[in-house]
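Thanks for coming. I will take a few minutes to walk through one model, and you can follow along on the screen.

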Amino acid sequence: MINPQEAAALRVPRLPLLLPAGLALLAGLDAALILLRVPAPVGSERLPSVHGHLMVLGFVGTVIALERAVALRRTWGLAAPVLLGLGALALLTPVPRDVGTALLLAGTLALSAVYVPLHARSHDPSVAVQALGAVLAAGAAMLLLAGAPVSLSLTWLVGFVVLTIAGERLELARLAMLQPRVPAQLVTISLLYAVSAATALLAPGPGHRLVGVTVLALGVWLVRHDVARRTVRGSGLPRYVAVCLLAGYAWLAVTGALWVVHGAITEGPAYDAVVHAAFLGFTMSMIMAHAPVILPAVLRRPLPYNPLLYVGAGLLHLTLLVRVIGGDLLGHQALRVGGGVGNVAAVLLFLAGAVALVVTAPRRTSS
């Protein structure tokens, strides 16, 4: 995990590297409204086709790459977030889409390279798991650059975020003095996930079901060994983080279950359900959980805990339940659209609240 001392050592630029990620998030949310066929602030024929690129590699990828660059404490590590950010920005311009996708590929390869010296420092299994996630991100970018539909690279994109977060949670779980076999279990499951994602390209039906099984195994590992199981009984920030984490793990289980039941999913309500269970229910919940830790380290300004943070997080999970259960699984289009608009509102509400807390908080006097 990122910490203020590491950020100070690298002297990470504050807003310049985060701005492309923020723009990618806002553009991705705009694209989501267009896909739901409701009024959107910016009408664009291109945005819906790059919705997944922007949200996963442009937004999440840039944030993760910046965090890892700070942990590396080497200037060259900033190439990854810069390239990913530029790729997201290029997708928002009239330049050929392949230019943006090529930049995203370069960014994921740079991110993969960052993990080499990070792993060499300590031979930490948590870093190995995160590195495997970065390799999956590079594979997804290659598929996108080759013109493959986003649905074909979905398991690779999901693997990127899930393995990255699982690796980071392992770093914290080790504080509980885990037995050596526990990290080895996560490494094994992560390798099985990568094999499953590759298998899904060659044998979509059984491959996706195998991916679903490994996702469920990852969810079980996380719930069993994450410190959130204890900190959820606390109060204040630790409890808030734990609630977001445990809710995200529940959506990860939904993702795995959908793949086990349906196998290869490339379109339709089930596809919508698995995509948003993974990237909103799991990934966005993880971001909401870690925001009070990551943003202060990068921006060098605190994001003080406030119970109002629960509002955006709670609204996200409530509207996602409406969308996935009422809209996707039960077939009520009005609930799917209403839940989807609610998802966008929840993310914007959380973002606005986090920015307000950062802006109104006193500046740090050190670093």
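Helices in this talk are DSSP runs of H or I with at least four residues, numbered from the N terminus, and strands would be E runs of at least two. This is a predicted model, where local features need pLDDT of at least 70, side-chain atom pairs count only at pLDDT 80 or more, and totals for chains, interfaces and linings use all residues. Residues are numbered from 1 along each chain as its sequence is written, and side-chain values use heavy atoms, with hydrogens and water left out.

I start with helix H11. H11 runs over residues 236-262, which makes 27 residues. From first C-alpha to last, H11 reaches 40 Å, close to the 39 Å expected at 1.5 Å a residue. The expected span is 1.5 Å times one less than the number of residues. Just after H11 comes glycine 263, with a positive phi of about 70 degrees.

Next, the aromatic pairs. Rings of Phe, Tyr and Trp (for Trp, the six-membered ring) pair if their centres lie within 6.5 Å; planes under 30 degrees apart count as stacked, over 60 as edge-to-face, and the rest as tilted. How many aromatic pairs does a search of the whole structure find? The search finds three. In one of them, tyrosine 240 and tyrosine 310 have ring centres 5.2 Å apart and planes at 90 degrees, so this pair is edge-to-face. The pair links distant parts of the chain, 70 residues apart: tyrosine 240 belongs to H11 and tyrosine 310 to helix H13, residues 309-329.

For burial I use relative accessible area: under 20% is buried, over 50% is exposed, and in between is partly exposed, with a 1.4 Å probe and protein chains only. Tyrosine 240, at 0%, is buried. Tyrosine 310, at 28%, is partly exposed.

Another pair is tyrosine 249 with phenylalanine 282, which is tilted, at 6.5 Å centre to centre and 35 degrees between the planes. This pair also links distant parts of the chain, with tyrosine 249 in H11 and phenylalanine 282 in helix H12, residues 268-299, 33 residues apart. Tyrosine 249 has a relative accessibility of 2% and so counts as buried. Phenylalanine 282 is buried as well, at 1%. There is also one aromatic cluster formed by Tyr240, Tyr305 and Tyr310.

H11 also meets H7. Their axes come within 13 Å and cross at roughly 145 degrees. Axes here are lines fitted to C-alpha atoms, for helices over the stretch in contact, and angles run from 0 to 180 degrees between N-to-C directions. Which residues make the contact? On H7 they are Leu154, Thr155, Val158, Val162 and Arg169, and on H11 they are Leu245, Tyr249, Leu252 and Trp259. Contact means heavy atoms within 4.5 Å.

Serine 153 sits in the loop between helix H6 (125-145) and helix H7 (154-173). Is serine 153 buried or exposed? With a relative accessible area of 0%, serine 153 is buried. Setting aside neighbours within four places in sequence, serine 153 is in contact with Ala140, Leu143 and Leu144.

Leucine 218 lies in helix H9, residues 204-225, and is buried at 0%. Leaving aside neighbours within four places in sequence, the contacts of leucine 218 are Val162, Leu163, Leu186, Ile189, Ser190 and Tyr193.

Threonine 108, in helix H5 (residues 97-122), is buried at 2%. Not counting residues up to four places away in sequence, threonine 108 touches Leu57, Leu84, Ala134, Ala137, Ala138 and Ala141. Leu84 is among the buried residues of H4, a helix of 13 residues, 79-91.

Last, two arginines. Most residues other than glycine have a negative phi. Arginine 37 has a positive phi of about 60 degrees. Arginine 37 lies in the loop between helix H2 (15-35) and helix H3 (51-72) and is exposed, at 79%. Arginine 73 has a positive phi of about 65 degrees. The place of arginine 73 is the loop between H3 and H4, and at 36% arginine 73 is partly exposed.

That is the end of the walk-through.
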